[in-house]
Amino acid sequence: MKYRTVFDIIGPVMIGPSSSHTAGAARIGRAARTMFGKMPQHVSIILYGSFAKTYRGHGTDIALVGGLLDFDTFDTRMAESLDIASEEGMAVEFIESDELTDHPNTARLILQDGDHRLEVVGISIGGGKMEITELNGFQLSLSGNAPVLLVYHHDRHGAVAAVATILARHEINIGYMQVSRKEKGSQALMSIETDQVVDELLQEEIRKQHGMLSVTVLS
C-alpha cells in the first residue's frame, strides 16, 4: 500500500513549503547520510524533472542538504542548511539535468570523503514519502517505512543463508528481502526489511562472516 495512515496523506510535521519537494527531499538526503555513515566532504546533487525546474523556489536544495546534515523534516535549522553545510565544510553542487526519468521528483546524490564514495538515487512520491531506487549502481526499492539492513557482499553461495541464519537465531523477523548483483560472481547487495532495528553488535556479527564487505542499517 502506498499510504498506510491518514498522516501519509496529510503529510508529515515539517518545515515547508511542500511535502514532496521539501519533506520527501529531506528524507532522501537523510537516508543518503545514514548510508554514508558520516557527513561527506563533497556532494554532487543531480536533479531531474520537476526537481530540476523548481528546486530553488520550493526549497528542495535546502531540504536535501538539511537531510545530509542529519536534520529531521521539522528541524528549525533546515532553513539555514546551505549556510550550515558551508560552515561545517561540506561542499555541495547542484546540477540540473534534462534526462528523462521514471519519476518527476528524482535526485541523484554522490557523496564523497577521500576514497569513500556513495551514489544514491531517490524519488519523492508525495506526502513526505520517498523511495531509494538505486544504491551504487544496484537497483532496489527502499521506502524507509521499516528498518532496512543493507549488506554488501561477494556474490557467492551461502552468503544470503548466512545472514538469514544469524537474523533467525536472534529472532529478527524478515518482512521483505531483495538481492541484486551487477554480474555473476562480482559484488552483490542484500536489502532486508526487518521488524526491528538490527543493533550494532548484530551488525558486527554479520560483518565477520566470510565474503561480507560492509553492513549498514537504515532506520
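**Strands, helices and backbone turns in a predicted model**

Just after helix α4, Asp70 takes a positive phi of about 75° in this structure, which is a predicted model. Helix α4, which spans residues 60–68, is mostly covered, with eight of its nine residues buried. The buried residues of this helix are Thr60, Asp61, Ala63, Leu64, Val65, Gly66, Gly67 and Leu68.

Six strands form an open sheet with mixed pairing, in the order β2-β1-β3-β4-β5-β6. Strands β2 (91–96) and β6 (138–142) stand at the edges of this sheet and have a single partner strand each, so one side of each is left without a neighbour in the sheet. From one strand to the next, the twist averages 20°.

The side chain of Glu119 is joined to the side chain of Arg108 by a polar contact of 2.8 Å. When residues up to four places away in sequence are not counted, Glu119 touches Arg108, Leu109, Ile110, Glu134, Leu135 and Asn136.

One of these contacts, Asn136, lies in the loop between β5 and β6. Although Asn136 is not a glycine, its phi is positive, at about 50°. The relative accessibility of Asn136 is 21%, so this residue counts as partly exposed. A positive phi is also found at Glu171, which has a value of about 60° although it is not a glycine. Glu171 is placed in the loop between α6 and β8 (174–181), and its relative accessibility of 69% means that it counts as exposed.

Helix α6, comprising residues 159–169, packs with helix α7, comprising residues 200–207, at an angle of about 150°, and the axes of the two helices are 10 Å apart. The two helices are therefore roughly antiparallel to each other, since angles over 145 degrees are placed in that class. Their crossing is right-handed. On the α6 side, the contact is made by Val163, Ile166, Leu167 and Arg169, while α7 contributes Leu202, Glu205 and Ile206.

Strand β9 (residues 187–194) is mostly covered, as seven of its eight residues are buried. With strand β7 (residues 148–154), β9 pairs in the antiparallel sense over seven bridges, and within this pairing Tyr152 has Leu189 in β9 as its bridge partner. Strand β8 is likewise joined to β9 by seven bridges, and the two strands run antiparallel; here the bridge partner of Val179 in β9 is Met190. The hairpin of β8 and β9 has five residues between the strands, and in this hairpin Gly185 takes a positive phi near 85°.

Technical notes:
Residues numbered from 1 in each chain as written. Predicted model: local features only at pLDDT ≥ 70, side-chain atom pairs only at ≥ 80, totals over all residues. Heavy atoms only, no water. Pairing = 2+ DSSP bridges. Helix = DSSP H or I, 4+ residues; strand = E, 2+ residues; numbered from the N terminus. Axes fitted to C-alpha atoms, helices over the stretch in contact; angles between N-to-C directions. Polar contact = N/O pair within 3.5 Å; in protein donor to acceptor, adjacent residues only side chain to side chain. Contact = heavy atoms within 4.5 Å. Parallel < 35°, antiparallel > 145°, perpendicular 65-115°, else oblique. Left-handed = near helix turned anticlockwise from the far one by under 90°. Buried < 20%, exposed > 50% of the residue type's maximum accessible area, 1.4 Å probe, protein only.
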